[in-house]
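The following exercises concern a predicted model. Please work through each task with the structure at hand before reading its solution.

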Amino acid sequence: MATIDTSTEREEVKEGKEEKAAYYVLVGGEAHETQGVIPEKRELMHTSLTYVAAAYAQLRGAGVPRSRIITIVQVRDYLEGLKDGQYPKVMYEKECALLLKEGGSDYDFDAVCPSTVWRVVLGLKNENYPKVVPKGKDKVKSLTLAIYSHGDSHPAVKIIKHQHQHQHQEKKEADNAAAAAATENGSSNLMGPPDLKPHLDPLKHEWFVHMPYPNKDRRINNEILSFVATEGSKDAGRCRNKPEYYLYATQLRSIFCSLFQENPKRPVIALLNYCRSGGGIEFLRRSYTRKALGAEKWPLYLMSSCQASHDALVGGLWETWFQHLSKRIPKLMSSDAKDTVNNTNITLGKLFFESKKEYHIKNKYELKDLVKTFAFPSIFGETNNQNAVAVRYDADLAKVICSSSDGTPDFDLIKKMQQEYREGKRWKGKKVIGKSAGRREYYSGSLS
């Protein structure tokens, strides 16, 4: 478990030399098709701007100087395309007030592109990129890279038509076989599990982050795409066929490699907050890849807001992570990095646990709605009081859907609840209590 060093957040000067300190790179992306075109053709709302602005304000409020926060997001580029005094410009100006007051985004307009992230994080400074993460072992104590955008994936190689048809037929046959087996085993009930999206083979797909603008420098564009399998993007369809607009997970992996080759002991914390962002951590799941890269020794803490084949919720982990991090930074700037709650070291694992738990609880309605899409009591169609069934069922789910210690579902209680619903006890007034001490009953009483 990584412990954040107390000196990470200090900004002191001793004997004329500034101590190493933490740097933060906040990236707000968007799809070119929605915010990279001329203002008249853009969508009304911007996906990432308010979240980047909020994180910036939280870090500044916690005492992190602007000089150590690098922002890459459309601020003026987006706002200048909106009408003064009207919604949503008034709302966005309010949300971005501090960022605008302190000079706006460090990289705006067509600088919001993949190569800017590449240059900034790797410290490739020049006249067009004056603000980057400093190079050298004595400059930066830790680096946090946070990316909020849309995300997706495409096949690594072009899929021939007959191969695609064959894969579709195989999936259809597998789905039919699974459904038949479920029926035979008596598990094809309304409380059964949802049909999850198929897992994507990490060796046959490329994951990416949408950016509104392409790489301007042709040399850099060719360099950072030279090791990415982009052939499959050609026929991947709209919003998946413009590699020069995408920041790939493969490129992020290369960035991490370069960072740890230069400074193998400097911690890097990365938050990937976009749909299918789990694809960005797939390489860490493969032991041979970790061994080949030497990643098992990297001081890397990598987080994603969803799995490799799933979509992320609006806000995702971004909101809760920066809320909990910003609350701890003042403590980290002091001489004692102990948690005031239980007098233990403040660790990244603890911060992530707290952030994830709050994220689950705040968004439990999403999971409830998903469950109700696939599972509903059969009595719903047999009673004259359907509203009562719906309300009671929703209340039952609410008590178990985030009741584990980390805010995830308590599957023991869910299993018990499902069994009681099957047996009809829920509707006969019987009471069911959780076995473990301290658990509340999740339903009682009868349906009138």
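**Exercise 1.** Determine how the span of helix H9 relates to the expected span, and list the buried residues of H9.

*Solution.* Helix H9 covers residues 249-262, which is 14 residues. The expected span is 1.5 Å times one less than the number of residues, and for H9 this gives 20 Å. From first to last C-alpha, H9 reaches 20 Å, close to that expectation. Its buried residues are Ala 249, Thr 250, Gln 251, Leu 252, Ile 255, Phe 256, Cys 257, Leu 259 and Phe 260.

**Exercise 2.** Classify Leu 145 as buried or exposed, and identify the residues that Leu 145 touches.

*Solution.* Leu 145 belongs to strand E5, residues 140-148. Buried means under 20% relative accessible area; Leu 145 has a relative accessibility of 1% and therefore counts as buried. Leaving aside residues up to four places away in sequence, Leu 145 touches Val 25, Val 27, Val 121, Leu 252, Ile 269, Ala 270 and Leu 271. Of these, Leu 252 is also among the buried residues of H9. As for Ile 70, its C-alpha lies 9.6 Å from that of Leu 145, although 75 residues separate the two in sequence.

**Exercise 3.** Describe the packing of helices H6 and H8, and state which residues make the contact.

*Solution.* The axes of H6 (residues 114-122) and H8 (residues 218-225) are 10 Å apart, at an angle of about 80 degrees. Angles of 65 to 115 degrees count as roughly perpendicular, so H6 and H8 are roughly perpendicular to each other. H6 contributes Ser 115, Trp 118 and Arg 119 to the contact, and H8 contributes Arg 219, Ile 220, Glu 223 and Ile 224. By class, three of the contact residues are nonpolar, one is polar and three are charged.

Conventions. Residues are numbered from 1 along each chain as its sequence is written. This is a predicted model: local features need pLDDT of at least 70, side-chain atom pairs count only at pLDDT 80 or more; totals for chains, interfaces and linings use all residues. Side-chain values use heavy atoms; hydrogens and water are left out. Helices (H or I, at least four residues) and strands (E, at least two) are DSSP runs, numbered from the N terminus. Buried means under 20% relative accessible area, exposed over 50%, partly exposed in between (1.4 Å probe, protein chains only). Contact means heavy atoms within 4.5 Å. Axes are lines fitted to C-alpha atoms, for helices over the stretch in contact, and angles run from 0 to 180 degrees between N-to-C directions. Angles under 35 degrees count as roughly parallel, over 145 as roughly antiparallel, 65 to 115 as roughly perpendicular and the rest as oblique. Ala, Val, Leu, Ile, Met, Phe, Trp, Tyr, Cys and Pro count as nonpolar, Asp, Glu, Lys and Arg as charged, and the others, Gly among them, as polar.
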